[in-house]
Amino acid sequence: MSSMYSDTTPFKNLHQFTAAIRILQGHDPQMQLQTVICYLMVAQFGPCHLSNIRDTANVSQASVSRNCSALGTIHRRGIPGLGLVETWEDPMNRKSKLVGLTKKGILLKQSLVSAISREYG
């Protein structure tokens with residue numbers, strides 16, 4: 001990137017954010033912002049309850065479920081998902097679901113952290 005941005009922290013942070021988005025787009029060029037947010041929240045806080053994502057991201061439970069499906073193994077209508085997260089029933093509260101990263105999701109997280117640190121760290 002241009003050196004005019006190199007010493008300005010706000011621009012540096014925006015470039016880091018852009019780099020992360022580009023890496024995520026490599027997995028799905030049409031990935032929606034809410035899907036990106038769901039993935040990043042699971043990567044940062046997971047495993048966590050779907051309801052935690054709903055509350056923190058301020059989106060509906062249906063949206064969280066739909067986006068976690070897109071990030072999981074099978075998206076809606078049987079379309080293959082991205083395989084980045086998995087969900088399972090909370091053994092302490094069978095009405096609640098947990099979500100966490102798969103091995104592929106962990107590798108993507110490591111790739112994001114590495115790319116941002118290497119390029120802009």
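At what angle do helix α3 (residues 50-57) and helix α4 (residues 61-71) pack, and how far apart are their axes?

**View 1. Packing of helix α3 against helix α4 in the predicted model.** The two helices, α3 and α4, pack at an angle of about 115°, and their axes lie 9 Å apart. The crossing in which α3 passes α4 is right-handed. On the α3 side, the contact is made by L50, S51, I53 and R54; on the α4 side, it is made by Q61, V64, S65 and C68. Sorted by class, the residues of this contact are four nonpolar, three polar and one charged.

**View 2. Packing of helix α2 against helix α3.** Helix α2 (residues 33-45) meets α3 at an angle of about 120°, with 11 Å between the axes. I37, C38, M41 and V42 of α2 are in contact with N52, I53, T56 and A57 of α3. The contact of α2 with α3 comprises six nonpolar and two polar residues, with no charged residues.

View 3. Confidence is highest in strand β2 (residues 85-90), at a mean of 96, and lowest in helix α1 (residues 9-25), at 77.

**View 4. The segment of residues 1-5.** Over residues 1-5, pLDDT stays under 50. For this segment the model has five contacts beyond four places in sequence. Where pLDDT is low, predicted coordinates should not be read in detail.

Notes
Residues numbered from 1 in each chain as written. Predicted model: local features only at pLDDT ≥ 70, side-chain atom pairs only at ≥ 80, totals over all residues. Heavy atoms only, no water. Axes fitted to C-alpha atoms, helices over the stretch in contact; angles between N-to-C directions. Helix = DSSP H or I, 4+ residues; strand = E, 2+ residues; numbered from the N terminus. Left-handed = near helix turned anticlockwise from the far one by under 90°. Contact = heavy atoms within 4.5 Å. Nonpolar A, V, L, I, M, F, W, Y, C, P; charged D, E, K, R; others polar. pLDDT = per-residue confidence, 0-100.
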